[in-house]
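Biologist: I am new to this structure and would like to go through it step by step. Could we begin once it is in view?

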Amino acid sequence: MLNRFSQLEGCGCSMLKSATGVRELPLGPEPLAPTPEEIRQHLRAVMASPAFHGTKRCQQFLEYVCNRSLAGEGSALKERTIAIEVFGRQPESDLGEDTIVRVGAREVRKRLAQYYVSPEGTACKVRIDLRSGSYAPEFRYVPAPHEEEPATAITVIEKQPHLSNRRLYFTLGAVALAGLAILAVVKLSGSNPNTAAFQRFWEPVLKSPDPLMLAVAHPIVYHPSLRATKLSEQNRPSGDVTLQRSIQVPPNELNGADLVPVFNQYVGFGDMVAATEVSSMLARKSKNVRVRLASQIEFADLRKTQTLLIGAITNRWTMELQQAWRFRFSYKPGTRTVIVDTGDPSGATAWSIPPKDDGSAPEDFILVSRVQNSYTGGLLLVAAGIKQFGTEAAGRLLADPEQLGVILRKLPAGWESKNLQVVLHAWVIGNTPAQPEVVASHVW
């Protein structure tokens, strides 16, 4: 004889048998909010994490909005206030044209998401949420693992009159199996469409038995001559033992011979990030890659080979193989680099950024291409920005199912079997590119 109330286990939820009927018992009350000290301690850990390392603007943004909210001023977190207090904009700035706050918020949300999927982030009991459409963060405890189960209530099932124990267990088992089947169907039907599009983009690479070749750009780096180095050392302040420092020579003391070009020894930071992001993503899918300097690759090496070209002007093969494409990089010595739309008969559609001597830029334009019938006879991918910031953003885009999937799903139907190009724009915050946005695309 069964007890009036006895717990059954093994069917994925807690069930109690009762002679009174089927009923649901609500779970306990919601946990209390974290204390201000817990939030501040967690905030320090977030800003010191790799996800926020080197992004001073993102750190400033997150710290500012959290401190204002903790001070009870969350309702005062408006776009203009943040633009002035965090990004140094003037009060009279036109924020209709200046989207730096919105871009900054998107970048912070992205980096928070990266942190909370890391081993360090998943172990935290406190969480900071910056929901879309708001600049006021929300603070909460992370539920314990057992509280994240699909069941939201305790189900109580009656013992039916004249129902044998054996038949009862059989019935419960059938119900449990049906529930699992329903959950499986829901899971399959609710699969992430962005991830599915991302998978279709990379499908030719993933199905190929050969590794993907990453052809990295090869910038020319100029070293100071021994004479210039000696002159600089003579001007070094007494007691200065800095290992890396800029050349400090009086005006007109150097000439052209003091700039020594160095070939095939350096890789740009943006190119390195792009290669790392893509190779890491493919490694998680058990796909091998080969990394080569583009300058060391001959056309015969590209024949029938799946290749990702990283970089634009400093990658010889990006410049040579783009001639039949609609969107192309254009550069003439002494002028700025431009992405040109050759499909515009007037020639007026192009994207560029003003050049600066120190290489910095407040924004960048990016070209991502996927050409299945290229001159090489194999799949050809391109990830390149006008500057290093855009190349870095392109690499992160190609390795991120959510970012890339959103873009692919907006392309015309059938893009999977066609060639495609996408031009994007990204703001640069503290030498770090924000998430790019599409400005033009072409499928053929």
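This is a predicted model: local features need pLDDT of at least 70, side-chain atom pairs count only at pLDDT 80 or more; totals for chains, interfaces and linings use all residues.

Biologist: Where does N431 lie, and what is its phi?

Modeller: N431 is placed in the loop between β17 (420–429) and β18 (432–433). Most residues other than glycine have a negative phi. N431 is not a glycine, and yet its phi is positive, at about 65 degrees.

Biologist: Is K304 buried or exposed?

Modeller: K304 sits in the loop between α10 (299–302) and β11 (307–310), and its phi is near 60 degrees, a positive value in a residue other than glycine. Its relative accessibility is 60%, and since the cut-off for this class is over 50%, K304 counts as exposed.

Biologist: Turning to the chain as a whole, what percentage of its residues is buried?

Modeller: The secondary structure of the chain comes to 13 helices and 19 strands. The chain exposes about 24,900 Å², of which carbon and sulfur atoms supply 55%. Among contacts between residues at least 6 apart in sequence, 64% join residues at least 24 apart. Of the 444 residues in the chain, the buried share is 40%.

Biologist: How is α1 oriented relative to α2?

Modeller: Helix α2 covers residues 56–70, and α1 packs with it at an angle of about 175 degrees, their axes being 11 Å apart. An angle over 145 degrees falls in the class that applies here, so the arrangement of α1 and α2 is roughly antiparallel.

Biologist: Which residues of α1 meet α2, and how many residues in that contact are nonpolar?

Modeller: From α1, the residues are P36, I39, R40, L43, V46 and M47, and they meet Q59, L62, E63, C66, N67 and L70 in α2. By class, this contact of α1 with α2 has two polar and two charged residues, while the number of nonpolar residues is eight.

Biologist: How is α1 oriented relative to α4?

Modeller: Helix α1 spans residues 36–47 and helix α4 spans residues 100–116, and the two pack with their axes 11 Å apart at an angle of about 95 degrees. That value lies in the range of 65 to 115 degrees, and α1 and α4 are therefore roughly perpendicular.

Biologist: What is the distance between the C-alpha atoms of L130 and V108?

Modeller: L130 is in the loop between β4 (126–129) and β5 (138–141), and it counts as buried because its relative accessibility is 7%. Leaving aside neighbours within four places in sequence, its contacts include F61, A105, V108 and L112. L130 and V108 are 22 residues apart in sequence, and their C-alpha atoms are separated by 8.1 Å.

Biologist: Is T122 buried or exposed?

Modeller: T122 lies in helix α5 (residues 119–122), and, neighbours within four places in sequence aside, T122 is in contact with Y116 and V117. Its relative accessible area is 52%, so T122 is exposed.

Biologist: How many disulfides does a search of the whole structure find?

Modeller: C58 counts as buried because its relative accessibility is 4%, and C124 counts as buried because its value is 17%. For the whole structure, the number of disulfides found is zero.

Note on methods: Residues are numbered from 1 along each chain as its sequence is written. Side-chain values use heavy atoms; hydrogens and water are left out. Axes are lines fitted to C-alpha atoms, for helices over the stretch in contact, and angles run from 0 to 180 degrees between N-to-C directions. Helices (H or I, at least four residues) and strands (E, at least two) are DSSP runs, numbered from the N terminus. Angles under 35 degrees count as roughly parallel, over 145 as roughly antiparallel, 65 to 115 as roughly perpendicular and the rest as oblique. A disulfide is a pair of cysteine sulfur atoms within 2.5 Å. Buried means under 20% relative accessible area, exposed over 50%, partly exposed in between (1.4 Å probe, protein chains only). Contact means heavy atoms within 4.5 Å. Accessible areas come from the Shrake-Rupley method with a 1.4 Å probe; for residues, only the protein chains shown count as cover. Ala, Val, Leu, Ile, Met, Phe, Trp, Tyr, Cys and Pro count as nonpolar, Asp, Glu, Lys and Arg as charged, and the others, Gly among them, as polar.
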